[in-house]
Amino acid sequence: MSATDRLRSKLAEAAEALGASGAEVQLERPRNAEHGDWATNLALTLAGRLKKPPRSIAEELVGRLDLTGAGVRTAEVAGPGFINFRLTGAAVESLLERILAAGAAFGRSEAGTDEPMMVEWVSANPTGPLHFGHGRQAALGDAICALLEWTGWSVHREFYYNDSGKQMELLARSVWARYQQLLGDAAEVPEGGYHGEYVLDVAERFREAEGDAYRGDDSDVVLDAMRRFAVAMLRAEQDRDLTDFRVRFDEHFLESSLYSEGRVDATIRGLKETGLTYEHEGALWLRTTEFGDQKDRVMVRSNGLPTYFLPDVAYHLSKWERGFRHAINVQGSDHHGTVPRVHAGLRALGLPEGYPEYVLHQMVRLERGGQEVKISKRAGGYTTLRELYEIVGVDVARYFFLMRKPEAHLVFDLDEALDQSDKNPVYKIQYAHARMMSIFRKAGAPAEQPGDGAAPLARLDTEAERELIKQLARFPEVVQRAAADRAPHVVCDYLEETAGAANSWYHAGNPSRSPELAVLVDDPELREARLALARGVRIVLRNGLRLLGLSAPDRMEREEQE
RNA sequence: GCGCCCGUAGCUCAGCUGGAUAGAGCGCUUGCCUCCGGAGCAAGAGGUCAGAGGUUCGAAUCCUCUCGGGCGCACCA
């Protein structure tokens with residue numbers, strides 16, 4: 001039982017003594033440090049029930065509280081009836097001890113049950129290189145997976161892609177046109193086709209592999225060969241781009257397999273059996289309005305071909321059938337219209353409401369000097385993900401994509417991203433980590449020392465040090481909240497705050513200012529205690545950076561800018 | 001027209017299940033340090049939380065409406 005749980009149950013006991021049994025006790029961390037370390041609004045919530053002014057209830061509660069063993073030094077009534085608690089010195093020290101003992105595992109929680117969780121994201125079609133907007137999704141999905149793993153889920157990472165259909169047809173015809181052009185023949189990239197430079201690359205490589213034999217031949221066999229060649233090549237490129245962006249998948253799921261394995265037909269049969277389908281003007285419809293959709297949807301067109309709705313349902317059903325009782329889809333909000341349809345199709349088949357869960361994110365706008373950027377070499381109409389991270393670096397790109405909540409629009413500011421000072425939040429955090437490492441180097445002390453908890457932590461008695469310890473101790477709950485909300489930006493905000501607190505703690509001990517506040521003071525005991533705190537800082541920053549998929553460098557090497 | 005998301009400081013954005021004086025970074029102002037017009041440290045100014053009602057002890061947060069922005073509304077994927 002943690003100290004806060006003890007405090008909570010003691011408050012519940014006190015409330016019961018006042019005649020309010022079964023009261024729910026909320027403990028929160030006040031934003032304002034003057035309000036102590038923990039606070040409860042219990043008296044305010046009981047005011048209606050007990051028909052007494054909140055402040056007098058608060059006084060009575062405090063009078064009846066037995067604080068022994070709760071790690072609390074003072075309990076005082078404040079404001080309209082809050083009760084504020086302050087931790088004892090020993091309680092603060094034990095927070096740091098716990099961080100040092102947990103080390104690289106600090107922030108992970110045992111709460112999870114190791115249940116399987118399917119996360120699907122990126123899912124770009126293999127019709128060209130990933131563009132920078134995919135970066136947001138790539139980073140977001142990956143960070144959500146990491147958060148889930150840190151909180152005890154067993155995560156399966158999946159990438160779904162469409163390898164058949166009209167877009168593939170257009171891709172094949174685009175390659176075909178470029179191939180004919182290479183051979184000196186006039187040919188046009190079809191309307192709605194792909195114009196990027198990469199299509200020419202595909203055509204050239206195809207020609208290298210297959211020679212000139214297909215000149216003027218646009219038979220299905222040739223187009224099919226070009227399609228397969230292009231898909232293989234472009235998929236390989238996407239894989240490279242993602243791998244270099246530190247994003248990996250356990251499985252790539254092909255839409256075509258849904259047909260070849262009969263899953264689409266099985267889904268049609270299953271839906272028909274529900275009695276929720278009907279024929280209208282030669283097409284087969286599903287009553288998705290039964291489940292809250294705005295209108296019914298066509299499953300099979302009058303020409304006998306399924307709409308995309310059907311494989312979508314079949315695909316998500318396959319997740320359930322593969323044993324995933326929990327599934328998250330990360331998608332751009334431009335596709336949010338499909339959500340009620342898929343949900344409706346799956347509910348018709350008996351799956352629970354809200355399966356799968358969706359994380360929808362808004363679009364990204366790339367800016368430089370306040371203007372939208374449209375640099376593009378390889379893809380024609382857009383900046384590729386690789387172009388972006390080759391300019392700003394993978395760490396910066398990932399962090400910038402993660403630092404805003406998914407449902408908000410994201411302005412990716414290249415000027416800020418290219419700044420290598422502390423103004424750039426990524427460098428600010430990494431610098432703070434590197435500073436701690438440089439202290440260890442200077443002290444000739446190891447960065448990790450298992451017996452650290454035995455350091456005389458009571459010597460850490462300045463207000464700044466106490467606050468820093470409490471800030472570090474929050475990390476696990478930050479991870480849990482970020483995981484529960486599927487919101488990696490919460491971790492970004494926390495790391496930036498923590499780095500700021502660590503930086504000012506460090507700078508306060510600058511020799512030109514207050515040398516007695518430096519980590520490496522002469523007093524050996526104090527020095528030992530401060531080194532332990534520096535290790536705690538380092539643990540939290542490193543764990544947080546790794547969680548987000550960023551490096552935690554031992555030293556920063558600032559690139560000289562001309 | 002209907003649906004979803006968003007509207008918080010000059011800019012980019014936080015604000016957990018409604019809680020105490022609405023926060024951060026950038027930019028700006030003022031000091032300090034310094035080998036410079038670069039970088040660092042400290043402090044400060046800056047808000048009708050888009051607007052109007054409502055719910056309640058208490059609303060940026062919940063409900064309704066209005067205004068503004070984005071996206072989606074096919075027998076296209």
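Figure 1. A contact means heavy atoms within 4.5 Å. Residues are numbered from 1 along each chain as its sequence is written, chains are lettered from A and ligands numbered from 1 in the order in which they are written, and side-chain values use heavy atoms, with hydrogens and water left out. In this predicted model, local features need pLDDT of at least 70 and side-chain atom pairs count only at pLDDT 80 or more, while totals for chains, interfaces and linings use all residues.

Figure 2. Buried means under 20% relative accessible area, exposed over 50%, and partly exposed in between, with a 1.4 Å probe and protein chains only. In soluble globular proteins, nonpolar side chains tend to be buried together.

**Figure 3. T267 in helix α10**. Helix α10 covers residues 263-273 and contains T267. T267 counts as buried because its relative accessibility is 3%. Residues touched by T267 are L310, V313, A314, L317 and L349, not counting those up to four places away in sequence. Helices (H or I, at least four residues) and strands (E, at least two) are DSSP runs, numbered from the N terminus.

**Figure 4. L418 in helix α15**. L418 belongs to helix α15, residues 414-418. With a relative accessible area of 26%, L418 is partly exposed. K52 lies 366 residues from L418 along the chain, and the C-alpha atoms of the two are separated by 59 Å.

**Figure 5. Domains 3 and 4 of chain A**. The domain assignment, whose bounds come from an automatic or database source, gives domain 3 as residues 166-244 and domain 4 as 425-547. Taken over C-alpha atoms, the centres of domain 3 and domain 4 are 54 Å apart. The assignment also gives domain 1 (3-87) and domain 2 (116-161 + 248-361). Chain A as a whole has 20 helices and 15 strands, and its C-alpha trace spans about 90 × 65 × 40 Å along its principal axes. Of the 562 residues of chain A, 50% count as buried.
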